[in-house]
Amino acid sequence: MRILFVTATRIGDAVLTTGLLDHLLRAHPGARITVACGPAAAGVFARMPGLERLIVVTKKRFELHWLDLWWQVARTRWDLVVDLRASALAWMVPARQRLTGKGGRRPGHRLTHLGALMGLAPPPLPVAWTAPADEARAAALLPGGPWLVLGPTANWSEKVWPAERFIHVARALTAPGGALAGARIAILGGPGAMERAMAAPLLDAFPDAVDLVGNLALPEVAAVLRRAALFLGNDSGLMHLAAATGAPTIGLFGRSSAAEYGPCGQRAVAVEADGPRFEAPMTALPESRVLAAANRLLAAPVPA
């Protein structure tokens, strides 16, 4: 069976679609899957089993990137085309079956919308694929444990919780008597000067922390997150990836909506700022609420 799967450009959105791919792999053993995604999200799928081809779609003027993608896939007879971008592509290539997403914002969580596309309720949870080399790199970077992994960055400054609050909560968790007493700290972030600047106050506050800001490929990041005793971070692709690995994950929300994009995993929770949805500043999220959520999550039984 040959499947074309057209998915997101952003890391977080791409991670949320991995549950559908995992479902397809289980439902169609031996399927050969071609994934088309944006450059930033390519690493999400790089280690996926059954991946025959990964097509990186780079945006061009006048929507010409869709023409480029069509040229690469139109000569194949597909058994199934899944187009989550709500484009016309699915109807312009030969296929036995087509499933197309809907554009625009709708009530409810994005994961629920994705599951509904295939009639799956509850929807399959996201997954994270890694290779043995990624796990070995992560073990070398974060030996032993426990590890508190912090994600203080985001793609929009309005989604960033104040650095001093990250610092205070991290110190409370790792102090004697804290839920992660004695844990070491690792700090994650994406590439680029903006991400480095967002992470700088935490790197200064924790000089012994492992600096992983912009240093790793996405499969290596996933392997690092899988070793976390707790991930604490802003609403970001890292947050979604952490939840997908199964790591205990706290996602922090203010101007974005946890009802639509909260972290999805067996041990993942969102903590929201006070105020109207999409209007509450991250400064309206108190440290006490985040610390209490972390303590509850760490004390809860591990799901089977």
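View 1. W71 is exposed, with a relative accessible area of 52%, where exposed means over 50%, buried under 20% and partly exposed in between (1.4 Å probe, protein chains only). W70 counts as partly exposed, at 27% relative accessibility. W70 and W71 form a tilted aromatic pair, 6.3 Å centre to centre with 50° between the planes. Rings of Phe, Tyr and Trp (its six-membered ring) pair if their centres lie within 6.5 Å; planes under 30 degrees apart are stacked, over 60 edge-to-face, and the rest tilted. R75 lies over the face of W71, at 4.7 Å from the ring centre; for this, NZ of Lys or CZ of Arg must be within 6 Å of the ring centre and within 35 degrees of the ring normal.

A word on the model: it is predicted, and local features need pLDDT of at least 70, side-chain atom pairs 80 or more, while totals for chains, interfaces and linings use all residues. Residues are numbered from 1 along each chain as its sequence is written, and side-chain values use heavy atoms, without hydrogens and water.

**View 2. W161 with F166.** Here is an edge-to-face pair, with ring centres 5.3 Å apart and planes at 75°. Both W161 and F166 are buried.

**View 3. The largest nonpolar core.** This core has 56 residues, and F5, I33, F45, V82 and L188 have the most contacts inside it. A nonpolar core is a set of buried Ala, Val, Leu, Ile, Met, Phe, Trp, Tyr and Cys residues joined through side-chain atoms within 4.5 Å.

**View 4. A second core.** A separate core of 32 residues includes A163, F166, V169 and A199.
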